[in-house]
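Colleague: Could you take me through this structure? I would like to begin with the sheets and then move on to charges and the surface.

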Amino acid sequence: MALITQRPKGTMDVVPSQSYKWHTVEKLVSETAELHGFKEIRIPTFEDTGLFVRSVGETTDVVQKEMYTVTAAGDSKFTLRPEGTAGTMRAMLENGIMNEGFPQKTYYILSCFRHEKPQAGRLREFHQFGCEMVGTESPRADAEVISLAKCVLDRVGLKNIRLNINSIGCPTCRAEYHKALKEYFSARKNELCETCQGRLERNPMRILDCKSPICQDIAKDAPVILDYLCDDCKEHFEKLQEYLSVMGIEFDINPRIVRGLDYYTRTVFEFITTDIGAQGTVCGGGRYDGLIEQLGGQKTPALGFGMGLERLILTMEKQGAGFMEQKTCDLYIAPMGEAAVCKAMGIATELRDEGCLVEYDLVGRGLKAQMKYADKIGAKFVMVLGDNEIESGEARLKNMRSGEQLDIRLDVGLAESFSNALMSEMFKDIDADIENFLGKEN
Ligand code: ATP
Ligand code: MG
């Protein structure tokens, strides 16, 4: 039995010393989405099981093997969301957002749950940044959504990432293609895995997505969807390529990409890196023109993508990309005695109101231990407060890096004096950077 002191398999803790990486990514992705006119939507962690069965698709891996379905006494069946699109479309329909003019552009950062075999880059609880655009059929929208994903990857500093695109057509061209696939796979039916034998009748395209090496090998020579596109789908795909070229976005056409969820139509795409091993798809998305109607809404074209944040951060770490620095302590107050503790509380409040990060002794340590602690947390300044300081209304500020000392008044203009001290410390860093830069130039 697993210990209760162990996290469930396939889940992750983000410890306090690492959370700045998540802050960096969350800030950059939401900023980038907002710059493209997308607004955040927040949806529940669980939904009616039927929503995912209907949208993701009965023959997909996600629905067949990976859903966490829960029941509570007297309730119907709920499922922890395996992805964000279905819930987002449900919410947009339920809240009448579809009637507020097109295109509607939303984004989210959320946790997803899939019962998969845990490995590097594949978790049972993971996080996605996703964008959805509703109400436009134009290939401009496809190019815009892809360029938004690219912009995010650029802004977090990723390199060596390839964009793969494909078109999987509309139901009309897919009907022809399914026939061809069925014919091809039927000839080797007995070699396919059990799941794929079932898929052969109901949804042969899913076989292309099977992770079993034998099925993958058989699928290598299967007919290619691009040869079966109808004129409209072909034109749509060509126009997308033209727009991507105009935007300066490089891509490879990869007819093997069919995506794991049933609701996709026409454009599908993935951003892939080779730097984090086998699970290299950092972002996957595409168009799903039939989904909204399938969920009971009016026929409305839509598209979007999901970006796996664990894989994104893993790649950033591997490539040595920069993260936002964690804010460290501006001032540590070392109070000596009860009166000084009370004074420290007041000073901390005053300076925190000005946006300074202030800490003081909460343990009751002696001065030496407090100085050691201040050093450990990287405090920029330390102020020792004792009876003398309280009486005189003046205390000594020690710059922990340079060792310089500075006397400041505690009663008048404290916030201003401290801000000035902080500023001049910051400017020293900037000056050093400039000198460093000029030195390198010469
Ligand atoms: P894969 O082929 O890797 O299984 P998928 O096609 O199932 O991916 P999507 O449903 O399109 O993935 O989800 C979008 C993104 O979410 C993926 O590109 C990936 O970055 C991330 N993702 C999907 N499943 C997981 C998982 N189990 N653990 C971590 N990230 C995941
Ligand atoms: Mg998957």
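**Sheets, salt bridges and surface**

Modeller: Five strands make up an open sheet of mixed pairing, in the order β13-β12-β14-β15-β16. Please keep in mind that this is a predicted model.

Colleague: Which strands stand at the edges of that sheet?

Modeller: They are β13 (358–360) and β16 (405–409); each has a single partner strand, so one side of each is left without a neighbour in the sheet. On average, neighbouring strands here are turned by 25 degrees against each other, direction ignored.

Colleague: How many bridges join β14 and β15?

Modeller: Strand β14 (residues 381–385) pairs with strand β15 (residues 394–399) over three bridges, in the antiparallel sense. Within this pair, V382 has K398 of β15 as its bridge partner.

Colleague: And which helices pack on the sheet?

Modeller: One of them is helix α13 (residues 367–376), which touches β12, β13, β14 and β15 and whose direction makes about 170 degrees with that of β12. Helix α12 (residues 338–353) lies across β12 (331–335), β13 and β14, and runs at about 170 degrees to β13.

Colleague: What is the strand order in the open sheet of three strands?

Modeller: The order is β2-β4-β3, and the pairing is antiparallel. Strands β2 (46–48) and β3 (69–70) are at the edges, each pairing on one side only. Two bridges connect β3 with strand β4 (residues 78–80), and V70 has F78 in β4 as its bridge partner. Helix α2 (residues 49–56) packs on this sheet and touches β2, β3 and β4, with its direction at about 80 degrees to that of β2.

Colleague: Now to β11. Is it mostly covered or open?

Modeller: Strand β11 (residues 302–308) is mostly covered, as seven of its seven residues are buried. Cover is found on both faces: A302, G304, G306 and G308 are buried on one side, and L303, F305 and M307 are buried on the other.

Colleague: Which strands are joined to β11 by bridges?

Modeller: Strand β6 (residues 125–134) runs antiparallel to β11 and is joined to it by seven bridges; here C131 has F305 as its bridge partner. Strand β10 (residues 281–287) is also antiparallel to β11, with five bridges, and R287 has L303 as its bridge partner.

Colleague: Let us change topic. How many salt bridges does a search of the whole structure find?

Modeller: The search finds 29 salt bridges. In general, side chains of opposite charge can pair when their charged atoms come close. One of the salt bridges here is between E317 and K21, at 2.9 Å from N to O. This pair links distant parts of the chain, with E317 in helix α11 (residues 309–319) and K21 in helix α1, 296 residues apart.

Colleague: Are the two partners buried or partly exposed?

Modeller: E317 counts as partly exposed because its relative accessibility is 38%. K21 has a relative accessibility of 12% and therefore counts as buried, the cut-off for buried being under 20%.

Colleague: Which residues are linked in a network of salt bridges?

Modeller: R401, E404, E425 and K428 are linked in such a network. A further salt bridge joins R188 and E191, whose closest N and O atoms are 3.0 Å apart.

Colleague: Finally, which residues form the nonpolar patch on the surface?

Modeller: The patch consists of M423, M426, F427, I430, I434, F437 and L438, which together have about 690 Å² of accessible area. M426 belongs to helix α15 (residues 414–441).

Colleague: Why does M426 count as partly exposed?

Modeller: M426 counts as partly exposed because its relative accessibility is 46%, and that class lies between the cut-offs of 20% and 50%.

Terms used
Residues numbered from 1 in each chain as written. Chains lettered and ligands numbered in written order. Predicted model: local features only at pLDDT ≥ 70, side-chain atom pairs only at ≥ 80, totals over all residues. Heavy atoms only, no water. Patch = residues over 30% accessible without salt bridge, like charges linked within 9 Å, V, L, I, M, F, W, Y side chains within 5 Å. Areas by Shrake-Rupley, 256 points an atom, 1.4 Å probe, with all protein chains shown as cover. Salt bridge = Lys/Arg side-chain N within 4 Å of Asp/Glu carboxyl O. Helix = DSSP H or I, 4+ residues; strand = E, 2+ residues; numbered from the N terminus. Buried < 20%, exposed > 50% of the residue type's maximum accessible area, 1.4 Å probe, protein only. Pairing = 2+ DSSP bridges. Contact = heavy atoms within 4.5 Å. Axes fitted to C-alpha atoms, helices over the stretch in contact; angles between N-to-C directions.
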